[in-house]
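Me: I have a structure open and would like to go through a few of its local features. Could we take them one at a time?
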Amino acid sequence: MVVTANGNDNKKFKADDKMDGAPSRVLHIRKLPGEVTETEVIALGLPFGKVTNILMLKGKNQAFLELATEEAAITMVNYYSAVTPHLRNQPIYIQYSNHKELKTDNTLNQQGKRAQAVLQAVTAVQTTNTPISGTTVSESAVTPAQSPVLRIIIDNMYYPVTLDVLHQIFSKFGAVLKIITFTKNNQFQALLQYGDPVNAQQAKLALDGQNIYNACCTLRIDFSKLVNLNVKYNNDKSRDYTRPDLPSGDGQPALDPAIAAAFAKETSLLVIPFSGRGSPPPFPFTTFAGLGPPHTHTHTEPNTLESGAGRDSTCRVGMPGVSAGGNTVLLVSNLNEEMVTPQSLFTLFGVYGDVQRVKILYNKKDSALIQMADGNQSQLAMSHLNGQKMYGKIIRVTLSKHQTVQLPREGLDDQGLTKDFGNSPLHRFKKPGSKNFQNIFPPSATLHLSNIPPSVAEDDLRTLFANTGGTVKAFKFFQRDHKMALLQMSTVEEAIQALIDLHNYNLGENHHLRVSFSKSTI
């Protein structure tokens, strides 16, 4: 069946395509927002292949989208059946059309002419780019303005920025195909590929220099010399949104060696010192599609630090839709119920945020609820501590359905299983701008020690840490400051145990030892 695309809302187009219809390279899109543009509809198909035609039925809030191949259409339908597509914060529905082809006639109205003009512009851009379906790295350099790949560096990363946060932000400017994240020169970096170089240019213009959260997590963006990324694994470090079937890689490196080699040749210098005097005005994200409103704020807070001592967090939301809220309560399971205490959980999870309350479950003492100060801290603790060993058992950390941890009723003895740490002096992140925000690292065998009094020698500390049940492999005082040292245990599990036992240990002379994980080795 051939349908003529003339842009008219005529009655011959029946919205009776069935979800289980036979595959077709023409797709029927329903429930479109009234103000949606041709460009936004075309962008839905770009990650999956060349878009060859479009017909908008404005009066019916529907469209027909034709892809170059049936295979591309099948991939698109399969993907969006698992991930509900949204345009302008509204879910839309995509299915196979009964039509097998959209044929453009010569009697186009203004709307139809505009749709064809948009399509021609997109096609022109696509022909200058590497085929989207390609799976190998194209190392042929293009001029920076033509590259669909952006190189992103995040400065002042006091809160974690995940791959999903990047996808959420950059999807405002077009379909994001692939993302690879990694750490280079002790900085979080990413390569992000659009289907269209124009989208990359728009994103760079709008986002370069912006803060994801207020006064921190500053985006530094430049064009990459790469034109296509080869993602091997879909995990928390890399993602190919056009290929949901990719393996997770079981912790193998996500950055392909060919990309790493090409990336090393890039000459752009993006590290710009942070002035600390405010930040650029927030970009009006509300004009773009797909990103939901903030979860925890009813209004958009200004993109600047609050002044005064009453401020309760270092970074509030800077971009609408990227929330510093979210679920603050974690469920931790598979704990060693003979050994675990609220205090030990407070100390370990306190490395990644300010723990407010801990409740070990009365009827299931190998599980606990831990309430953090905000959603970013809970995400950070979950990503770093899930799968680590504590008291000989691999713990599981997930987000809880609970919004808060309830304290026991007054007068009720719950055997010390619940503890309120809301006013603890040991919170690491209460002080705005604290250096602790810059020294958050995954659990490691090497520990960073600080607040060591002059009278305490290397042998004293080696003995102290050996008494936690592990083996001290190496030790080194900082050259300029003997108040600090690095100490290496033989395993990460031993280091976790030592941190739990000895953080805030009284070394005398009113010095309480500070222990955290280090990114260094000795």
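Me: Where does Asn-199 lie?

Reply: Asn-199 lies in helix α5, which covers residues 197–207. Please keep in mind that this is a predicted model.

Me: Is Asn-199 buried or exposed?

Reply: Asn-199 has a relative accessible area of 12%. The limit for buried is under 20%, so Asn-199 counts as buried.

Me: Which residues does Asn-199 touch, leaving out those up to four places away in sequence?

Reply: Asn-199 touches Phe-173, Gly-174, Ala-175 and Tyr-194. As for Ala-175, it is 24 residues from Asn-199 in sequence, and the C-alpha to C-alpha distance is 8.1 Å.

Me: Changing topic to aromatics. How many aromatic pairs does a search of the whole structure find?

Reply: The search finds two aromatic pairs. One of them joins Phe-346 and Phe-421, with ring centres 4.2 Å apart and planes at 10°.

Me: Why is the pair of Phe-346 and Phe-421 stacked?

Reply: Planes under 30 degrees apart count as stacked, and the angle here is 10°, so the pair of Phe-346 and Phe-421 is stacked.

Me: Where do Phe-346 and Phe-421 sit in the chain?

Reply: Phe-346 is in helix α7 (residues 342–349), while Phe-421 is in the loop between β21 (418–420) and β22 (446–450). The two are 75 residues apart, and the pair links distant parts of the chain. Phe-346 is buried at 5% relative accessibility, and Phe-421 is buried with a relative accessible area of 5%.

Me: And what about Phe-475 and Phe-477?

Reply: Phe-475 and Phe-477 form an edge-to-face pair, 5.0 Å centre to centre with 85° between the planes. Both residues are buried.

Me: Next, the largest nonpolar core. Which members touch the most other members?

Reply: That core has 110 residues, and those touching the most other members are Val-41, Phe-170, Leu-345, Phe-349, Leu-447, Leu-449 and Phe-465. Leaving out residues up to four places away in sequence, the contacts of Phe-465 include Leu-447, Leu-449, Val-472, Met-489 and Leu-502. There is also a second, separate core of eight residues, among them Phe-182, Leu-191, Leu-229 and Val-231.

Me: Last topic, cavities. How many are there of 30 Å³ or more?

Reply: The count is four. The second largest cavity has a volume of about 40 Å³.

Me: What lines the second largest cavity?

Reply: Its lining consists of Leu-32, Pro-33, Gly-34, Val-36, Met-56, Leu-57, Lys-58, Asn-61 and Gln-62. By type, five of these lining residues are nonpolar, three are polar and one is charged.

Note on methods: Residues are numbered from 1 along each chain as its sequence is written. This is a predicted model: local features need pLDDT of at least 70, side-chain atom pairs count only at pLDDT 80 or more; totals for chains, interfaces and linings use all residues. Side-chain values use heavy atoms; hydrogens and water are left out. On a 1 Å grid over the protein atoms alone, a cavity is a set of points where a 1.4 Å probe fits but cannot get out, and a pocket is an open set with protein on both sides within 12 Å along at least five of seven lines; lining residues have an atom within 4 Å of a point. Grid points are joined across faces, edges and corners, and a volume is the space filled by probe spheres set on the points. Ala, Val, Leu, Ile, Met, Phe, Trp, Tyr, Cys and Pro count as nonpolar, Asp, Glu, Lys and Arg as charged, and the others, Gly among them, as polar. A nonpolar core is a set of buried Ala, Val, Leu, Ile, Met, Phe, Trp, Tyr and Cys residues joined through side-chain atoms within 4.5 Å. Buried means under 20% relative accessible area, exposed over 50%, partly exposed in between (1.4 Å probe, protein chains only). Contact means heavy atoms within 4.5 Å. Helices (H or I, at least four residues) and strands (E, at least two) are DSSP runs, numbered from the N terminus. Rings of Phe, Tyr and Trp (its six-membered ring) pair if their centres lie within 6.5 Å; planes under 30 degrees apart count as stacked, over 60 as edge-to-face and the rest as tilted.
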